[in-house]
Every structure is written in structure tokens, then in C-alpha cells.
Amino acid sequence: MERKTPLYDVHVTAGGKIVEFGGYLLPVQYEATGVIKEHMAVRTAAGLFDVSHMGEVTYKGKDALKNIQYIVTNDCSGMYDGQVRYSPMCNEDGGVVDDLLVYKVADDDYLVVVNAANREKDVKWMSEHTFGDVKFEDISDSVAQIALQGPKAPEIIAKLLPEDSIPKKYYSFIKDVTLNGMKCLVSRTGYTGELGYEIYCDPADAKKMWETLMGAGKDEGLIPCGLGARDTLRMEAAMPLYGHEMDDTVTPVEAGLGYFVKMDKEDFCGKKAIEAAGEPKRTRVGLIVRGRGIVREHCDTFSKDGAQIGHTTSGTFCPFVNAPIAMALIDVKYSALGTKFDADVRGRKIEVEVVPLPFYKRAK
Amino acid sequence: MAFPEELKYSKTHEWIKFNDDETATVGITDFAQHELGELVFVDLPAEGDSMSIGESFAEVESVKAVSEVNGPVDAEIEAVNADLQDNPQLINEQPYEAWFVKVKNITAKDELMDAAQYEEFTKKEG
């Protein structure tokens, strides 16, 4: 049964085309704009996303950090209060259970943000693995989240917040901020490859928060953006999506996330398996479609001599790069830049070429 | 939403303009392009290919989805609109001008609706 975010009515009124995603009803795009215009708005001005479907959990207590250190692959020691860190979370076989963000509030107080589609699974997994002096809580239902993304995002938020309430560094946050009378947490994070902020607030304030941000961004060209643009934006920025680039049968190393796996950390769940696996035999690559057609996920890929060498994990036509692009998990032997092979799209072979990731990087 | 009077319509949202009993022009309707959203790719058949009722003869793709375009008649494809390949957005802009194929040797027709019937039909679908 699908659930609604606190902003459901806002989306319907704004002409949102509602679809089911991760157990929630959300707009894939809006009537007046569509995926392409929404995508380009984020790359050139700003876009507003309802991301309230994401899951949030907290670890509080003396052993909060110890618990997080065991459950995630990245090293979360030495974070400053107000820092955010990205990490995969693995099972005992080294496969990815989810990827998440760890927010350090204080030495004994951490917020962890997980994918909507995995919320129930993660809560069960994480709570089963707690130990020592820690209180683990699923607070997802009491948190709404809105993402403001795009080169104009800093200008827009500066109209609403004093300088000392706006996080400066990428992957940092400020808690207990008051925005138009509403208490919220503002982090300098995002899933688009642009400058931007994610704002966490009380679900009861979500509608007012949305309207406040939309009002503040009107002159800058801020528009609401749906899941369709969210996907094309993260694709161009080569950001992995759980269930695509990784899942519980793929290790973070195979998914190209080895940087976030700290093997010199004391034991963590999955460490032994990842160590035993050694050098990965398959790896994530970026592909540009050279033939005619759009290559989406779950397409088998074949070398020029007909061997099956892997499959695509994501793919679509991306508006800013103005081309069909894809990501794939393939045999490392074929992962060199410039390698050409074929993707099978509904029985038709379409040529693709390995290109560097990300496909898009914002100008500094 | 436009429903030109002189055309006939299929349940899968193709329009067909009969020149006579043997030849016609085929495309997709305003309702179809609106549902699909901005099109970014079109896969067309070749001249000489056959078209069969209810079977896919072309594909259109938006950012989010692939959609098959089905034959409203049994016929032979005589001409293909190559313009659509480089400019799929023409289908969104002018769905009744952006013809996909011209057909000849029509041997059978699917159950087709006139403009008024099709408009009613879309009200139930939408």
C-alpha cells in the first residue's frame, strides 16, 4: 500500500504526474515542465525536490560511534560535529545492504539517512546489529525533507537564512536552524551534482517550508522537480542508485565505491568477505551510446566477439549531456576507456563505448 | 487536446488518414504524445516492411519510457518519415503533421473510432 508524503496535495495542485516509488506516491514530473525542463532548471538555475520518502534513523549513547563503525564500511571516526559522511552498508558476504549518509550531531548522537525503498529492511538490519550503550530509533515518520539544488540555490537560501545558519562546506550541516519560523536542519548535500541543500523539518511544516522556498526562488527561476529529473541528474553525476549500481549481490568495491570502504578500520560487517574477494573481477563503468537508441538498465552487454561480459545497471537519455548514457557492471577486462562493445536492447545490439565518470561535473 | 474530424483512431492511440480504401498515412495522437511526454528517440520500420493490426511497427521513447506504436491496419509500408528520427520532438509539437509511415495495399482494418468516439474514449483513459 503506497503512502503519501506531507507534500502530496502540493504536487497534485502543481500538476505533478504521480507514480509509486519506494512505497510512496510522488511526482515523476510536472505537467507544465516535464523531465527535460526540470533537469535543465537544476543545471542552470534551481529545482525543488520532495525527498520526504527517505528514511532517517538515530543512534544515541556512549557506543553510538562504535555501532556505526561496525555497520558501515567507511571510517566515521574523527568527524567534527556538523559533518556528513557517505558510506555503503554491507552484509556478511560483502554485498551492499544500502548506501547512506551519516550525520554527526555530537560524540553520542548520530543521524543516519537511508534510501526510502530500503527503510524497513535497513531498520531491521541495523537494529538487529546494535550492541552496548546505544539507543537506536527509526524517526522517518517524523521527518520531512526537501532538496533545493542548482547554481542559484545559495542565493535563494541566503534570502531566508542568516549567514551563520547556512552550512558552508559540502557535506556539512547545521542543526536547529529557524527558517521562516520553522525549526529545521540544513545540510549542504544533494543527489544532483550541483550546489544545493537538503532541508529536514517537521512534517507539519513541510507545506509551509515548500511554499517558503518556492516563493524565495521565484525570481531565480526555481521550479518543482520530480523523480524523473532526480534520476537523470544523478545519472549524469554518476551517483549510484541502490538496486541498480549495487545491491546485496554486489560489493561496494565492484560498484566503484572502494574509496568509501576503509579496510584499515577495525572489523566492520562485510570486511572479511571483501578482503577474501580480493581484486574485483567486475567493475562499474560509464557508457555513452554510439549506436542508435537508448540503453536502459538490465541490458546484457556483449563483447565484439559475442561473449556476455556483464549488464547495464542504469541508463537513459540525459538532457544536459544531450545523449543516451548508461552505467554498467562489467568484466574488468573490458573496462578500459574507449573500449567498445554492444548492449542488447530488446533483441537489438546497440554499440556503446566506455567513457570516464562522471558524465557531468559542474564548473567550479 | 485535438481530435481532427477527418481521421480515424485506434484504441492504442494511433491516428490513420485514409486516402482511399488501399492507401493511408499513420501517426500517433495528441493524447498519446501528451501521455508520453517529451520524446527523445523514434525507431521506425523500413520501406517494404509489413504492418499488422495490433502489432508494433515502430517505437517511441521519452526519457522515462519506451512505447510501442501499433498497426491500425494490415498493409505494406510505402514511405517512412525520416525527419522524425532527428527531430522526435516534432511528434510532440505537431502530432497530426508528424506522420510516421505511409501505407499501401491495405487488406484489413482494425476496429477504428471516429473523432467523437475517440475523444470519449480518451476521457475514460485519462
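How do α2(A) and α7(A) lie to each other: parallel, antiparallel, perpendicular or oblique? Hold that for a moment while I set the ground rules.

This is a predicted model, where local features need pLDDT of at least 70, side-chain atom pairs count only at pLDDT 80 or more, and totals for chains, interfaces and linings use all residues. Residues are numbered from 1 along each chain as its sequence is written, while chains are lettered from A and ligands numbered from 1 in the order in which they are written.

Back to the helices. Helices (H or I, at least four residues) and strands (E, at least two) are DSSP runs, numbered from the N terminus. In chain A, α2 covers residues 34-44 and α7 covers residues 227-236. Their axes come within 8 Å and cross at roughly 55°. An axis is a line fitted to C-alpha atoms, for helices over the stretch in contact, and angles run from 0 to 180 degrees between N-to-C directions. Therefore α2(A) and α7(A) are oblique to each other. The scale: under 35 degrees is roughly parallel, over 145 roughly antiparallel, 65 to 115 roughly perpendicular, and the rest oblique.

Who makes the contact? From α2(A), take V35(A), E38(A), H39(A) and V42(A). From α7(A), take G228(A), A229(A), T232(A) and L233(A). Contact means C-beta atoms, placed from the backbone, within 7 Å. By class, that is 4 nonpolar, 3 polar and 1 charged residues. Ala, Val, Leu, Ile, Met, Phe, Trp, Tyr, Cys and Pro count as nonpolar, Asp, Glu, Lys and Arg as charged, and the others, Gly among them, as polar.

Next, the sheet. In chain A, 6 strands form an open sheet with mixed pairing. The order is β11-β12-β13-β10-β4-β14. β11 (173-179) and β14 (223-224) of chain A stand at the edges, each with a single partner strand, so one side of each is left without a neighbour in the sheet. Pairing takes at least two DSSP bridges between two strands. Further in, β4 (residues 47-50) and β10 (residues 144-149) of chain A run antiparallel, joined by 4 bridges. There, D50(A) has I146(A) as its bridge partner. Helix α6 (residues 206-216) of chain A packs on this sheet. α6 touches β4, β10, β11, β12 and β13 of chain A, and its direction makes about 10° with that of β10(A).

D176(A) lies in strand β11. Its phi is near 55°, a positive value in a residue other than glycine. P358(A) sits in the segment after β20 (348-355) of chain A. For context, most residues other than glycine have a negative phi, and most peptide bonds are trans.

Now chain B. β1 (residues 8-9) and β2 (residues 14-18) of chain B run antiparallel, with 2 bridges. K8(B) pairs with I16(B) as its bridge partner. The two strands form a hairpin with 4 residues between them, and H13(B) in the turn has a positive phi of about 70°. β2(B) is also joined to β3 (residues 24-28) of chain B, antiparallel, by 5 bridges. That is a hairpin too, with 5 residues between the strands.

Last, where the chains meet. The contact takes 8 residues from chain B and 11 residues from chain A. On the side of chain B, strand β4 (residues 39-43) gives the most, with 3 residues. That side divides into 3 nonpolar, 1 polar and 4 charged residues.

Notes: Contact = placed C-beta atoms within 7 Å.
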